[in-house]
Amino acid sequence: MAIVNKYYHRSHISEKKFRLLLRYFAMDLTASRTALLTAISRRSVNSIFLKIRERIAFECELASPFKSAEVEVDESYFGS
């Protein structure tokens with residue numbers, strides 16, 4: 001039986017375990033703690049966490065209102 005993971009292709013991690021990794025990522029657990037809880041190597045967890053962060057950064061860039069090359073700033077002063 002081949003392990004199929006629609007979120008992370010060519011992985012030996014099951015979908016259920018990957019969703020658990022995402023949950024621990026959202027709970028802001030460290031990679032070491034996540035590795036202990038999921039029985040996946042710390043190196044694999046670090047790699048997956050890095051890819052998740054890169055994907056989040058990519059999606060934030062797409063949604064950014066500052067996509068254009070020029071941003072106009074006036075000479076207003078706020079505060080004291």
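This is a predicted model: local features need pLDDT of at least 70, side-chain atom pairs count only at pLDDT 80 or more; totals for chains, interfaces and linings use all residues.
## Overall fold

The protein contains three helices and zero strands, and the order of these elements along the sequence is α-α-α. Of its 80 residues, 21% count as buried. Among the contacts with a sequence separation of 6 or more, 27% are between residues 24 or more positions apart.

## The nonpolar core

The largest nonpolar core is made up of eleven residues, namely I13, F18, L21, F25, A31, A35, I40, V45, I48, F49 and I52. Each of the helices α1 (15-26), α2 (31-38) and α3 (42-63) supplies at least two residues of this core, and the largest share, four residues, comes from α3.

## The crossing of α1 and α3

The axes of α1 and α3 come within 11 Å of each other and cross at roughly 70°. Angles from 65 to 115 degrees count as roughly perpendicular, and the two helices α1 and α3 are therefore roughly perpendicular to each other. The crossing in which α1 passes α3 is right-handed.

On the side of α1, the contact is made by F18, L21, L22 and F25, while α3 contributes V45, I48, F49, I52, R53 and I56. Sorted by class, the residues in this contact of α1 with α3 comprise nine nonpolar, no polar and one charged.

R42 is found in helix α3, where its relative accessible area is 48%. Because buried means under 20% and exposed means over 50%, with partly exposed in between, R42 is classed as partly exposed.

Although R42 and S32 are ten residues apart in sequence, their C-alpha atoms are 5.7 Å apart in space. S32 is also one of the residues that R42 touches, together with A31 and A35, when residues up to four places away in sequence are not counted.

Notes. Residues are numbered from 1 along each chain as its sequence is written. Side-chain values use heavy atoms; hydrogens and water are left out. A nonpolar core is a set of buried Ala, Val, Leu, Ile, Met, Phe, Trp, Tyr and Cys residues joined through side-chain atoms within 4.5 Å. Buried means under 20% relative accessible area, exposed over 50%, partly exposed in between (1.4 Å probe, protein chains only). Axes are lines fitted to C-alpha atoms, for helices over the stretch in contact, and angles run from 0 to 180 degrees between N-to-C directions. Angles under 35 degrees count as roughly parallel, over 145 as roughly antiparallel, 65 to 115 as roughly perpendicular and the rest as oblique. A crossing is left-handed if the near helix is turned anticlockwise from the far one by less than a right angle, and right-handed if clockwise. Contact means heavy atoms within 4.5 Å. Ala, Val, Leu, Ile, Met, Phe, Trp, Tyr, Cys and Pro count as nonpolar, Asp, Glu, Lys and Arg as charged, and the others, Gly among them, as polar.
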